[in-house]
Each structure stands twice: as structure tokens, then as C-alpha cells.
Amino acid sequence: MDRPLTDRDKKDQQTVLTVAVARGYFATLGLSIAHGRDFTPDDGSPGRPFAIVNERFVEKFSPDRDPIGQRIAVGSTDSPAPPTWLTIAGVAPSIRQRPMPSPDAVVYLPLRSLPPPNAALIVRSDMRTDALSELLRGEMQSIDRNLPLNRMRTMAQVVRDAEWVGRISRNLSRVLT
């Protein structure tokens, strides 16, 4: 049974990155769930509090136990609301979600349970970028004319942009030494 967190529990809490994703997120990135299952259409709805964690999470928090079926409490450090208890349904490969040297421990939440104020749309396609851009703009306009679709980039551009700070820092250090 879930219980309120004590002061000791709060002191022992550890921070993880949470990312809200739609079903099919990992397949779109060309990844497979390493263990357990992916999200289902019902996950995130009332009575279906499931999460997927990455391999880094398992290494850090559950190295000696199968994480599938374990329950974790996820909450915001910025909110007085009690944490939400979730059941781990799957383990995903560890990928960098931020421009850091190594991947964070991540808890993936079904998009349905935590709709963000803004989102990134990731599309895998063989279409030319300009043709795909026009198709996506048309689809977004048909859903809601007020939804903007901006900063469309290829994955190669996203990776290059994410590495920009590191490249600039390395180049500056070469110039200054």
C-alpha cells in the first residue's frame, strides 16, 4: 500500500529526469524496449499508472532486481502535491535526453498522463524534408489552426545543434591556450 512520505523519505529522495512520450516514441527513434513492454493506448489513463525507465535508471536504482512490476513514486520538487505512484512496465535503452556526456536516469511517462505545455514532434520518414514539412504543416492546421509548427529540423541538425556548445568551448580553449 502507498504511504505518505516521511521526512527521512524526503531527505533520501533522488532526482531523475522525467520525459512524457507518446506510444511509439522508441520505435520512431529506431529503438526497441530492452525488457518488459512499451506503452499501450490506455496507459496514463485513470487506473493505468505505468512508466518506462531507462537502463541507466535500472543500474542506479535497481541493479539487483528485475524492475518490471516495481512501483516508484514520481513527483516534482517544485510542487507540494504528493508524488504519483507508478508501476514500471518496461525498460528502454539509455539515450541522452539532454546535451550531457552520458545519459541521465530517466522515467518515461505516457503523454496522456502528463501533457506538456509544449512538445516536440519526431517523425521517421523517407520523404524529402521540404515535402514532409509541408505535409506536417497541413496536418497540424487541420487539427488546430492555432497550433504552431516551428523549428523543423532533421535529426542530424538536432544533434549538431545540441553539440554546438561543446564545439564552441573546445575551439575557444584551443584559441586561448
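## Overall make-up

In this predicted model, residues 24 or more positions apart supply 64% of the contacts in the protein that have a separation of 6 or more. The protein has six helices and six strands, and their order from the N terminus is α-β-α-β-β-α-β-β-β-α-α-α.

Of the 177 residues, 23% count as buried. The protein exposes about 12600 Å², with 54% of that area coming from carbon and sulfur atoms.

Strand S6 spans residues 106-110 and is mostly covered, with five of its five residues buried. Val106, Tyr108 and Pro110 point one way from S6, while Val107 and Leu109 point the other way.

S6 pairs with two strands named here. With strand S1 (residues 17-21) the pairing is parallel and runs over five bridges; Ala20 stands opposite Leu109 of S6. With strand S3 (residues 50-54) the sense is antiparallel and there are two bridges; Ile52 stands opposite Tyr108 of S6.

## Gln70 in its loop

Gln70 sits in the loop between helix H3 (55-61) and strand S4 (71-74).

A polar atom of the Gln70 side chain lies 2.9 Å from the backbone oxygen of Asp66. Beyond its neighbours within four places in sequence, Gln70 is in contact with Ser62, Arg65, Leu86, Thr87 and Ile88.

How values were computed
Residues are numbered from 1 along each chain as its sequence is written. This is a predicted model: local features need pLDDT of at least 70, side-chain atom pairs count only at pLDDT 80 or more; totals for chains, interfaces and linings use all residues. Side-chain values use heavy atoms; hydrogens and water are left out. Helices (H or I, at least four residues) and strands (E, at least two) are DSSP runs, numbered from the N terminus. Buried means under 20% relative accessible area, exposed over 50%, partly exposed in between (1.4 Å probe, protein chains only). Contact means heavy atoms within 4.5 Å. Accessible areas come from the Shrake-Rupley method with a 1.4 Å probe; for residues, only the protein chains shown count as cover. A polar contact is a pair of N or O atoms within 3.5 Å; within protein, one must be able to donate a hydrogen and the other to accept it, and residues adjacent in sequence count only if both atoms are side-chain atoms. Two strands pair if DSSP finds at least two bridges between them.
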